[in-house]
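Hello,

Here is the structure I promised to pass on. Please open it, and read my notes below alongside it.

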Amino acid sequence: MENLIFSLNATVPIFLMMVLGMVFRKIGWMDVEFAEKMNKFVFLVPLPVLLFSDLATVDFEEVWNIRFVIFCFIVTFISIAIVSGISFLWKDRTIQGEFIQSSYRSSAALLGIAFIQNIYGNAGMAPLMIIGSVPLYNVMAVVVLSFFQPERKALDREVWKKTLKGIMTNPIIIGIVAGLIWSALRIPMPLILNKAVSSIGAVATPMGLMAMGAAFDFKKAMGKVKPAVTAAFIKLIGFVAIFLPLAAYLGFRREELIAILVMLGSATTVSSFVMAKNMGHEGVLSSSVVMLTTLFSAFTLTGWLYLLKSLALI
């Protein structure tokens, strides 16, 4: 019951923030144009700052475990490859990029540390899981959303150059690289800078969620029910069922397994919608998957936790 309450406390407020955005649009306090401007702002400033903050403040030397990091990286890469193959099953090619991204991108950085701290009292292996998966999440999201744009042209030299330039100048990638360099060089984070960075990063999730709710179109979403439900199933159940037993077989336990569970089976991150909208995609499928996975992850994560505890793995 305690784990269920924690999971509900972690996910229901996120869902309610999206509902709040819908309410604000309904009563006229927000419109689609305003929501789109909010999305762009979140993409350009708070989201990159949040990722920078997560990575820049991690002491890698203290918690380093190369075997665990490599496992997280390889599993993430395989997951992306699997959903990329599945995406070709849809007749509507314009949703491929969104389907791929929303099927594999977890709220690992936002939920991971809080989830492990609640169970073990410290961040445990969450920072290493973030290193192994989150940079790859974001780099591949930029690549996928660039190559699978709805209006994409043939992949000639000009398109390749434009895509690579988009990847190199993407604010998300810049935030990740800056955070990794900052941490690797062991640059101290002054208190004033740390507070400023934390304050800016803190607005990424609530602003992104409200903007998503305000821009959500139920009629369009109903036309994408099958891919949305498929992506949500893969995100919350499919990957966990495949890779969590493998992690246990390889000897990962306690904090390691919890971090892997969060990486594989937590709700699709709101930044997937923000990135999709800002890279030429409709965003309807992304917002549908975020809503579905946010709503049901409290129950699926609790079920997986119960199973791990019953098997004495955590």
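Start with the aromatic cluster formed by Phe 68, Phe 71 and Phe 252. Rings of Phe, Tyr and Trp (its six-membered ring) pair if their centres lie within 6.5 Å; planes under 30 degrees apart count as stacked, over 60 as edge-to-face and the rest as tilted.

This is a predicted model, where local features need pLDDT of at least 70 and side-chain atom pairs count only at 80 or more, while totals for chains, interfaces and linings use all residues. Residues are numbered from 1 along each chain as its sequence is written, and side-chain values use heavy atoms, leaving out hydrogens and water.

The whole structure holds eight aromatic pairs. In one of them, Phe 68 and Phe 252 have ring centres 5.7 Å apart and planes at 75°, so the pair is edge-to-face. Phe 68 sits in helix H5 (residues 66-87). Phe 252 sits in the loop between helices H14 (225-249) and H15 (254-265). The two are 184 residues apart. Helices here are DSSP runs (H or I, at least four residues), numbered from the N terminus.

Are these two buried or exposed? Phe 68 has 0% relative accessibility, so it is buried. Phe 252, at 1%, is buried too. Buried means under 20% relative accessible area, exposed over 50%, partly exposed in between (1.4 Å probe, protein chains only).

Now turn to another spot. The crossing of helices H2 and H12 is left-handed (the near helix is turned anticlockwise from the far one by less than a right angle; clockwise would be right-handed).

Best wishes
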